[in-house]
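Subject: A structure for you to look at

Hi,

Here is the structure I said I'd pass on.

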Amino acid sequence: MSFINEDFLLYSKTAKVLFNNFAKDAPIFDWHCHLPPEQIANDHHFSNITELWLGGDHYKWRLMRLAGVDEKYITHEGSPKDKFLAYCQVMPQCCGNPVYHWSHLELKRFFNIDEELNAKNGELLWEKCNARIQEADFSARQLMLRSNVRYVCTSDDPADSLEHHQKLASDSAFPIKVFPAFRPDKYLNLTLAGFKEQLERLGTAAGVCIDSYENLVKALKLRIEYFHQNGARHSDHGWDVVRFVTASPAELNIILEKAITGQAISLEECAQWRSSLMLELAREYCKHHWVMQIHIGALRSINTRMLALHGRDCGYDCSGDTPYLNQLAMFLDTLESEGNLTDTVLFSLSPNDDLALNNLAGCFPGDAHRAKVQLGPAWWLNDHIDGMRRQLTSFANSGVLATFIGMVTDSRSFLSYPRFEYFRRILCNFVGEMIDRSEFTSDLDAAGEIIRNICYNNAYAKYFGNMPR
């Protein structure tokens, strides 16, 4: 039998009441994820548990490497069965890691399997999971429907055609709304391989010859309008190291020419480019009443040997510690002073930044708006028990917890929705502890309303209230 039971992570009667009465059955609004729209549109059926569970999941790959599993059984030529068995063998070593909890929640919620993942059970679980996957109701869409998902926002390049979103929007038989989110990172980072080719792709999509900074801005604005027409109401940015240093259009044209011709670009020029382009984009988001997400503090693909072997997004990232708050404050204040600061969600991969970011967000409360700028949920390497509790504590200590817009999967996997349950249990235990210590009202209906709003209503009805219904 698995350790997952009705009281998992709920350590008091109060926490259990809050979870069961207010959080458990709340719908899901996954406003930041990386699900492939094509797989949703085509209602993809998975061939086996390895494709569904381990394919593209660098959380799991990272654990397997740390436990000494050969890369053959992670991303290379090992058979699907051998990869799954290797994962089962690793799981008992991962006490305290959220992936251990998520994996068992996924087994129980999607497969109705109440067994622990280990080497002894591996063969049996392989057979049971694959038998279930072959059934007609185990497709991408069905997994979402069974999870009580109502809204999903994917992450999409500005040059994308959005054909799969269009197919979904025209399918009245599928009740879940799937919207694109504008992710322009490839145009903000001049040093990425293939930058010139990416500009050409964007130019083709927008019908603009991108031979200048001004034309790049024009192309991006046209694509923002296109995304808006296709249901997008927010954007997303990986601003790993925030330096706010603007430049003139003439200087930016020189920088662009260097990038296109393969010349060396200084760190100062990279900062000028990103800062200037972020301002242009943010102004356009405000005009369209979009939400702007900013993800900060990731050191990406820092193992260059592994980057050469496996490429990006394969589990070789970590949190950075570069000071940035004064730079981010200048960026937000520039927009605010112009009247162009749109609703903004701030994430940091550094576990030390939650309180400072929440304090910064409090300086831009908006007019007649609840938490216009706010701290996002515990992100990526922080979405474990301690990270979520730390984030909730920071939000409560220096903000208004009742305005928090809750959890996201930030995932490429259709089995990731139990992460919402995981967060909701931690949230209910967090609030329940305050009630039991006489630090908050004993009116459970009032506390439960806060819980329910954080789980769904704040994002659905308030923060993303302008999304097509």
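Below is what turned up, starting with the sheet and moving on to the salt bridges.

First, some housekeeping: this is a predicted model, so local features need pLDDT of at least 70 and side-chain atom pairs count only at pLDDT 80 or more, while totals for chains, interfaces and linings use all residues. Residues are numbered from 1 along each chain as its sequence is written, and side-chain values use heavy atoms, with hydrogens and water left out.

**The sheet**

Helices (H or I, at least four residues) and strands (E, at least two) are DSSP runs, numbered from the N terminus. Two strands pair if DSSP finds at least two bridges between them. As a reminder, strands of a sheet pair through backbone hydrogen bonds, either parallel or antiparallel.

Here, 4 strands make an open sheet with parallel pairing, in the order β4-β5-β8-β9. At the edges sit β4 (234-239) and β9 (373-375), each pairing on one side only. From one strand to the next, the twist averages 20°. (Axes are lines fitted to C-alpha atoms, for helices over the stretch in contact, and angles run from 0 to 180 degrees between N-to-C directions.)

Strands β4 and β5 (residues 291-296) are joined by 6 bridges; to find one of the partners, go from H234 to V291 in β5.

Helix α16 (residues 325-338) lies across β4, β5 and β8 (344-348), at about 170° to β5. Helix α17 (residues 354-361) touches β8 and β9 and makes about 165° with β9. Contact means heavy atoms within 4.5 Å.

**The salt bridges**

A salt bridge here is a side-chain nitrogen of Lys or Arg within 4 Å of a carboxyl oxygen of Asp or Glu, and by this rule there are 23. For surroundings, buried means under 20% relative accessible area, exposed over 50%, and partly exposed in between (1.4 Å probe, protein chains only).

K108 counts as partly exposed because its relative accessibility is 22%, whereas D114 is buried because its relative accessible area is 19%.

Cheers
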